[in-house]
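Good morning. Please have the sequence and the model open while I talk.

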Amino acid sequence: MSHSDGTSGGDDFPFQTPTTGETTREERWSRTIDRTILAPMRIILSDWRGKVGVTILALYLFMGIAGPYLISPPETDTAHTLVGPFEMWQYPLGTDSSGRSLLADVVHATPPMLKMVFAGGVFAVTVGSIVGMVAGYKGGRVDQALMVITDSLMAIPGLPLIIVLAFLFEPRNPYLVGVILAIPAWAVLARSIRSQMLPLRNVEYVEANRLMGISTWKIILKDIAPNLMPYILVSFVSASRGIVFDSVALYFLGVLPTTDPNWGVTMDTAYSSGGALYSWGAAHWLIAPMLAVVFLSLGLILVAQAADKLFNPRIRARHQKTTASEDDEGEHEPQTPANANVR
Amino acid sequence: MHWVLKRAARAGFTVFLVVHFTFLLVHFLPGSPMDYLQAQLSRQQGLSEGEIEAMAAVYLNMHPEASIGEQYVDYMSSLLTGDLGTSIYFNESVAELLGTAIPWTVFLMLNAIAISFAIGISLGALMAYLEGSRFDNVMTVVAIVSNSIPYYIIAILLVYLLGHQLDLFPVTGRYDDRTTPGLNVPFLSSVVYHATLPALSWAFAGLGGWALAMRANSISILGEDYLRVGRLRGLPTRRLTLRYVARNAVLPLYTNMMVVIGYAFGGAVVLETIFVYRGVGYYLFRGIEARDFPLMMGAFIVITIAVVTALFLAELTYGKLDPRAQEGGTDESF
């Protein structure tokens, strides 16, 4: 692993002479991007789980971005109520009891869901990593204070808290819903980022920077954050899955005000008023949104599973183009960090 | 400070936070429960202003016209005596309603966690033992799929399949009304019978995660040197698998348990609503649905206390199992 990113490559360092003598700004940038984004992507894609997972997520992304333009929003069509799936070309997934196309329903629920996931994931990851990194790096009193807060918040059951908040604020904007759903998620993340941080705080180059009087923020952002990038990525994916689960649960219960279509809302109407439980003819109405939820979370889990390999530094080094070395041949079982997927 | 005291203090702090959070919500939010309740009451019958205020005080444990300080003292002191106000919807004491409900939630969710944990880690251990075999590959896929289905979807499917179609299990209620509650066989068996579907839905959704984590942990331990030494010493396989591998692989999962406990009690809200299982989660949902603030806030506080207690007990046992947990971080500060 190259640690020379923070400092300009100087020739006066006899043991670490860069081949070109000088690293330009662009080179450093491309190296950072290669190390923190491209290499993890390559590792994820080298695994079958990663391939399938990324494909599924790409499909959802396509459905969320292009879907609403390709498929018109669901409209009532009293002539074709409860059409089964694959019966009519016009309604590939069938229709509900008022003749609304279920495919359109599922597709038009995707953009708000992606917005929620994005907003919530970004919120949880940002707050979680800042708190975790600062606590882990600073140590001492700061660490204790931050961890007391984090631990106390972690012990508050998430879903009831979200339900109470959602009830009081009645959020309609999907971004806001996402942030509210992510409120309980960041604490767990801060805890795990902190424990990832502990071994890093005493690494030589960090110590050197500290002795040179470089500010804490600069050290955290420039020297430490890149090393935690893969972990943060995986946390983003796990947090996203939690948001998908919780948001659908809340829409299913009818706790959140419904403005946009949502898979949970569709499930709720099918379950409570559509009688999908009692007659086979209406079952597809319930199954379509269920599959939408399950596949999205399946995609997220597969990516997170494939990303577990990121924590093995040898595998990581092999996939870095800029700093690749040939001497790592042996395949090692990835050291799994306290698995983030158990919930 | 002794670590047990530390943990206890932290648990207390969480409850302190939640209680103050609810107080702030009741008091300061625009269109707060206080205003809402007064509006609700004044709409109901031709009550005088004074009567409305008196009733609001009974429901929410604070007098609308009192100063903030007095309201705070009122609210906190009644909470300390175990008075959570009166439910508007059920017109009963919230503490009594929830007091009878909480054992059911604890019973249901602890069983659900225990089932998913037991099956999950056994599967994971078996998968690790047979690593690379067809069983391992198939079960990995099954575990990933089980992990990606939310528990409430499994609940709905179970209700449909085992409840309505095959008519094997009851889909609502906590026990059979024809039995008399008490320590008798028909009652207890009907309790278990009614809890089966909700517990299974949770267990089924959770076991994949446990299995995968257990598999990963066991595999990394199977490569350890001390295991090879143990084998060379000719220790019996039983001892190796149970004491050397299983124990060390399970310990790290204990921290996951902390997260799962909180998550499970949260999930109880959804599960109990689907199965009309009158636990605390069910009442939280009813409180939300009926805009019954005292019930909603009370249920939230009670769930939090349950989770905090469970976490505290889990941490105490963990401290016994793994002495490292008792040491605090004593790093120097930068």
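I will begin with the fold of chain A. From the N terminus on, its elements run α-α-α-α-α-α-α-α-α-α-α-α-α. That is 13 helices and zero strands. Please keep in mind that this is a predicted model.

Chain A has 343 residues, and 54% of them count as buried. Now take the contacts in chain A with a separation of 6 or more: residues 24 or more positions apart account for 69% of these.

Next, the annotation. An unreviewed UniProt entry marks residues 52–71, 116–136, 148–169, 175–193, 228–253 and 282–304 of chain A as "transmembrane region". I looked at two of these spans in the model. Residues 52–71 of chain A are 90% helix and 0% strand, with end C-alpha atoms 25 Å apart. For residues 175–193 of chain A the figures are 89% helix and 0% strand, and the end C-alpha atoms lie 24 Å apart.

Now the two chains together. How many residues of chain A are in contact with chain B? There are 59, and they meet 60 residues of chain B. The size of an interface is often given as the accessible area lost when the parts come together. Between chain A and chain B, the buried area is about 5,300 Å², and carbon and sulfur atoms give 74% of that.

What about polar pairs? Six residue pairs are in polar contact between chain A and chain B, with both residues at pLDDT 80 or more. On the side of chain A that touches chain B, the elements that give two or more residues are α2 (48–65), α4 (102–138), α5 (140–155), α6 (158–169), α10 (216–253), α11 (263–273) and α12 (283–307) of chain A. The residues on that side divide into 39 nonpolar, 10 polar and 10 charged.

On to charges. Side chains of opposite charge can pair when their charged atoms come close. Over all chains, the whole structure has five salt bridges. One salt bridge is counted between chain A and chain B. Its partners are B:R10 and A:D151, and their closest N and O atoms are 2.9 Å apart.

A:D151 deserves a minute. It lies in helix α5 of chain A. Is A:D151 buried or exposed? The cut-off for buried is under 20% relative accessible area, so A:D151, at 10%, counts as buried. Apart from its neighbours within four places in sequence, A:D151 is in contact with A:R191 and B:R10.

A:R191 and A:D151 also form a salt bridge, at 2.8 Å from N to O. Because A:R191 lies in helix α8 of chain A and A:D151 in helix α5 of chain A, this pair ties together parts that are 40 residues apart in sequence. A:R191 is partly exposed, with a relative accessible area of 26%.

Another pair is A:R194 with A:D143, a salt bridge of 2.7 Å from N to O. It links A:R194 in helix α8 (residues 185–197) of chain A with A:D143 in helix α5 of chain A, 51 residues apart. Both A:R194 and A:D143 are buried.

Chain B gives a local example. B:R286 and B:E289 form a salt bridge at 3.4 Å, N to O. These two are three residues apart in helix α12 (residues 280–289) of chain B, so about one helical turn separates them. B:E289 is exposed, with a relative accessible area of 51%.

To finish, the shared partners. Which residues do salt bridges join into one network? They are A:D151, A:R191 and B:R10.

Terms used:
Residues numbered from 1 in each chain as written. Chains lettered and ligands numbered in written order. Predicted model: local features only at pLDDT ≥ 70, side-chain atom pairs only at ≥ 80, totals over all residues. Heavy atoms only, no water. Contact = heavy atoms within 4.5 Å. Buried area = accessible area lost by both parts, 1.4 Å probe. Salt bridge = Lys/Arg side-chain N within 4 Å of Asp/Glu carboxyl O. Polar contact = N/O pair within 3.5 Å; in protein donor to acceptor, adjacent residues only side chain to side chain. Helix = DSSP H or I, 4+ residues; strand = E, 2+ residues; numbered from the N terminus. Nonpolar A, V, L, I, M, F, W, Y, C, P; charged D, E, K, R; others polar. UniProt positions renumbered as here; feature names shortened; annotations may be inferred. Buried < 20%, exposed > 50% of the residue type's maximum accessible area, 1.4 Å probe, protein only.
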